[in-house]
Amino acid sequence: MSLPSDGFCRAIEIRSEACRLVEVRRFVEEVAAEVALDSERMFDLKVAVSEACANVVEHSGCESVPLEVRAHVHAERLTFSITDRGCFKPPNPTRQAYGNRGLGLPLMVALMDEVTFVRSPAGGTRVSLSVLLSGR
Amino acid sequence: MDVRVSSLRDAPLVEVKGEIDHGTCEDLNAALCTALDAGGQVVLIDLDQVGYIDSGGLSVLFSALKRLSPDGWLGLVRPNANVRRLFELVGLCADPNVRIFEDRVTAEAALVGRTGAA
């Protein structure tokens, strides 16, 4: 199968809640199937995108504003962008006794080919997670 | 995600079915806490039906490890290739109190080899 062409674009919006993360992973699976990713890369993307969304749920303080996840293909790379419109708030120390040990960000970096964070002047942050579609 | 607790050779066996993420990991945490509070030195988690785990679930495993006694261990049974890859990435496989088993038979054999095991 040939690589998907530039212009491929899919998007979903979910409520910013931990129980919605499963919907994000189903979205990643659908996109990965469309661009014919192997199961290992699909798994990597599911973890990375889910972690980025979990960070938004934890830190962005915008439960009432939907979280947007957008997938697009450009220059033979597949990028998922997670955009929130909140502002950072520290985690609730009473929420979970075990914490997340700060594993989310290292996992994103370890599993992806490129990770970028862009803060919008208008508030909110966009995390972009990319995998190369060629050369593997 | 479903969590069911049974036992194998007197050791608690936590069987998980589904995806372990930030929204579901508390159920696994509760099951592991119950097993550890009951004095379990060895706790087994059967991951055969787990297709996904993220830092939420991994943190629960690290948290359980911290609560084990120095000679206790956490047995991770039948993780799939992707889940196992994450375990290696975050250093779980290198932890001296973690053992990974390909199947329940080898997990059971390790339990039989313990001093004082039935």
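Tutor: Start with the interface: 23 residues of chain B are in contact with 23 residues of chain A, contact meaning heavy atoms within 4.5 Å. This is a predicted model, where local features need pLDDT of at least 70, side-chain atom pairs count only at pLDDT 80 or more, and totals for chains, interfaces and linings use all residues. Residues are numbered from 1 along each chain as its sequence is written, chains are lettered from A and ligands numbered from 1 in the order in which they are written, and side-chain values use heavy atoms, without hydrogens and water.

Student: What makes Asp44(A) and Arg85(B) a salt bridge?

Tutor: The rule wants a side-chain nitrogen of Lys or Arg within 4 Å of a carboxyl oxygen of Asp or Glu. Here the closest N and O atoms are 2.8 Å apart, so the pair qualifies. The count between chain B and chain A is 4 salt bridges.

Student: Why is the pair Phe27(A) and Phe80(A) called edge-to-face?

Tutor: Rings of Phe, Tyr and Trp (its six-membered ring) pair if their centres lie within 6.5 Å; planes under 30 degrees apart are stacked, over 60 edge-to-face, the rest tilted. These centres are 6.0 Å apart and the planes sit at 90 degrees, so edge-to-face it is.

Student: And why do Phe27(A) and Phe80(A) count as buried?

Tutor: Buried is under 20% relative accessible area, exposed over 50%, partly exposed in between (1.4 Å probe, protein chains only). Phe27(A) has 6%, so it passes; Phe80(A), at 0%, does too.

Student: What makes Trp73(B) and Phe101(B) tilted?

Tutor: Their centres are 5.8 Å apart and their planes at 50 degrees, so the pair is tilted. Both residues, Trp73(B) and Phe101(B), are buried.
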